[in-house]
Amino acid sequence: MLSAMLEVLEWGEFADRWEAAKRLPSFGRSALEGILELLRSHPDDAELGWFAAQAIAQFDDSAAIATLVNWVTTASVDEDVRAMAARGLATLGEPAIAPLSELLREKPWQVLAIRTLAQVRHPGAIEPLFPLWDEGNREVRAEILAVLATRRDRRAIPLILQGLKDLGARVRREATIALGLYGDFAPEVDAVALLEAQLLDLDLSVAQQAAIALSRIGTPTGISVLARMLRSAHTPPPLQFDLIRALGWIEHPEAIEGLLSALSVPHEGLCAETIRILCQIRDPLLTPQVVQGLVNWWYANPPQRESPHIRQAIALGLGNFNQRESQAIVRSLLEDPDEAVRWHARAGTKQS
């Protein structure tokens, strides 16, 4: 039976080889030896290597681990085989930590080893990462923070705080993401104040992640920071779009107020995006505030009403709310001189 399974692994159709790769580990050490012999006989067969990696990963054996490590670290190995080998190492759990820790000693393989350790669901998987922090490699520091962000280990807090001020933009970005995830885990750290500073980062991707992190924390202080930054004339429009979305994710009365105040920002695209975000709110405790705010803004006759793009957004957005005042505005736009606005108004009336 074992020889038949090995033959299927060697020459079978895709589905049959897949099944053989799952069943072979049940034959024990002799199956592993058979798989390794097949690999020696067909060193250039990438498809065989892919299925073999899937099977080998199911053996808790030093030879299996050595084979997977060799594939992961050999540049000439097919990329898909290397990826399967890395996933296989991760599924082995604790036995994979020691060989991956050894890989961390070799600079060419540090990033790959960190990413593989990140997939190992064992508390010991992050232990080898801490000594690497001070090596001075920005890419390594960023990868370490990306792993630690998901593990919530108090030893990561000093690294996160250092990362916020790192010269590498990617390190600052990963530290900012981690701080948002650690916000309620480290009460001794004023996460909102630190993230407010990150909103001013010269690298836009860092500032964008700070906005997302503040929305994740979702405190009134954080909402105030987001709203203030949104209204600032010095905030670049790409970041303002992220701030609008961040406030929309929070779904809190103060966040709604922050969004409503942003309707006065003199940028047509930002105004339209604010309307779109507001009209996606579905919390029944917040929709009256949204509708009343938009209605009041509309009847104040703001200059943005002159834009057909804004009228389209209002027609379609207010159509989400089955309230008398909002529907009155939508119906009034059925007679708008702009054909696209009339079309959106018709669509809005059908939504109610």
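**Figure 1. The second largest pocket of this predicted model, lined by 13 residues**. Here we look into a pocket holding about 220 Å³ of space. Nearest its centre lie Arg-276, Gln-312, Ala-313, Leu-316 and Gly-317. Three helices each supply at least two residues of the lining: H17 (268-278), H19 (308-318) and H21 (339-351). Of the elements around this pocket, H19 gives the most, with 5 residues. By class, the lining of the second largest pocket divides into 5 nonpolar, 7 polar and 1 charged.

**Figure 2. The largest pocket, with about 280 Å³ of space**. Sixteen residues line this one, and Leu-39, His-42, Pro-43, Trp-71 and Val-77 are the closest to its centre. Helices H3 (29-41), H4 (46-56) and H5 (62-72) are the elements that give two or more residues to the lining. If you sort the lining of the largest pocket by class, you will find 7 nonpolar, 5 polar and 4 charged residues.

**Figure 3. The cavity found by a search of the whole structure**. The search turns up 1 cavity of 30 Å³ or more, and the volume of this largest cavity is about 60 Å³. Its lining is made up of Ile-157, Ile-160, Leu-161, Leu-179, Tyr-182, Gly-183, Ala-186, Val-189 and Ala-191. Two or more of the lining residues come from each of helix H10 (157-163) and helix H11 (169-182). Helix H10 has the largest share of this lining, 3 residues. Around the cavity, 8 of the lining residues are nonpolar and 1 is polar, with no charged residues.

**Figure 4. Packing of helix H14 (residues 220-231) against helix H15 (residues 237-250)**. Two packed helices are described by the angle between their axes and the distance between the axes. For H14 and H15, the angle is about 150° and the axes are 9 Å apart. Because of that angle, H14 is roughly antiparallel to H15. The crossing in which H14 passes H15 is left-handed. For a closer look at the contact, start on the H14 side with Ile-223, Leu-226, Ala-227, Met-229 and Leu-230. Across from them, H15 brings Leu-239, Gln-240, Leu-243, Ile-244, Ala-246, Leu-247 and Ile-250. The contact of H14 with H15 has 11 nonpolar residues and 1 polar residue, and no charged ones.

Definitions and conventions: Residues are numbered from 1 along each chain as its sequence is written. This is a predicted model: local features need pLDDT of at least 70, side-chain atom pairs count only at pLDDT 80 or more; totals for chains, interfaces and linings use all residues. Side-chain values use heavy atoms; hydrogens and water are left out. On a 1 Å grid over the protein atoms alone, a cavity is a set of points where a 1.4 Å probe fits but cannot get out, and a pocket is an open set with protein on both sides within 12 Å along at least five of seven lines; lining residues have an atom within 4 Å of a point. Grid points are joined across faces, edges and corners, and a volume is the space filled by probe spheres set on the points. Helices (H or I, at least four residues) and strands (E, at least two) are DSSP runs, numbered from the N terminus. Ala, Val, Leu, Ile, Met, Phe, Trp, Tyr, Cys and Pro count as nonpolar, Asp, Glu, Lys and Arg as charged, and the others, Gly among them, as polar. Axes are lines fitted to C-alpha atoms, for helices over the stretch in contact, and angles run from 0 to 180 degrees between N-to-C directions. Angles under 35 degrees count as roughly parallel, over 145 as roughly antiparallel, 65 to 115 as roughly perpendicular and the rest as oblique. A crossing is left-handed if the near helix is turned anticlockwise from the far one by less than a right angle, and right-handed if clockwise. Contact means heavy atoms within 4.5 Å.
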